[in-house]
Amino acid sequence: MIEIAPAGPIDDDIRPGETSVALPERFDAGLYFIGRIRTPWTVRGTCPRRGDPEEGPVCTLEIDARWADALTGVAECPRLQVLYWMDRARRDLVLQSPREGATRGTFALRSPVRPNPIASSVVTLVGVEGLKVMVRGLDCLDGTPLVDLKVQHA
């Protein structure tokens, strides 16, 4: 079983032009992390803005043993959609100032900073070995919690 614990500190810097809001007092829903993602990136500034499903580094989805049977047939799927939880991102910004470009609303950006830091990447399957799924095309920090894995049809 994979232990899912907080992976690191939350980035709480605010750039000029950015605005934050108070978060709700409680959550509306819950979810189960199905594993962790292993990537070469440990600092947000080194992560690519978008993963490269053809030339990007091989990253590993480490699946919790209780979900082993859910991997049946995955090895036959050349493209997968990976949903993950950006656990180290702040969640309260409504206006953001990207390093390049004008201030925009959070919903007009692909930034990891959002009310529900769910990310999605379409990746290329490299292989499956037991509870490890190797893929290309991710853009997240090492240790990021894995939310779901789905077949991506062409």
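Me: Which residues is Lys 132 in contact with, leaving aside its neighbours within four places in sequence?

Reply: They are Thr 60, Leu 61, Glu 62 and Gly 127. Contact here means heavy atoms within 4.5 Å. The model is a predicted one, in which local features need pLDDT of at least 70 and side-chain atom pairs count only at pLDDT 80 or more, while totals for chains, interfaces and linings use all residues. Residues are numbered from 1 along each chain as its sequence is written, and side-chain values use heavy atoms, with hydrogens and water left out.

Me: Why is Lys 132 called partly exposed?

Reply: Its relative accessible area is 42%. Buried means under 20%, exposed over 50%, and partly exposed in between (1.4 Å probe, protein chains only). Lys 132, at 42%, is therefore partly exposed.

Me: Where is Lys 132 found, and what separates its C-alpha atom from that of Asp 64?

Reply: Lys 132 is found in strand β8; a strand is a DSSP run of E with at least two residues, and strands are numbered from the N terminus. The two C-alpha atoms are separated by 9.4 Å, although Lys 132 and Asp 64 are 68 residues apart along the chain.

Me: What makes strand β4 largely enclosed by the rest of the structure?

Reply: Five of the seven residues of β4 (residues 79–85) are buried, so this strand is largely enclosed. Seven bridges join β4 to the antiparallel strand β7 (residues 118–129), where Ala 119 is the bridge partner of Tyr 84. Five bridges pair β4 with β9 (residues 144–151), again in the antiparallel sense, and Lys 150 in β9 is the bridge partner of Gln 81.

Me: Which strands form the closed barrel, and in what order?

Reply: The barrel has six strands, running β2-β3-β8-β7-β4-β9 with antiparallel pairing. From one strand to the next, the twist averages 45°, where axes are lines fitted to C-alpha atoms and angles run from 0 to 180 degrees between N-to-C directions.

How values were computed
Helix = DSSP H or I, 4+ residues; strand = E, 2+ residues; numbered from the N terminus. Pairing = 2+ DSSP bridges.
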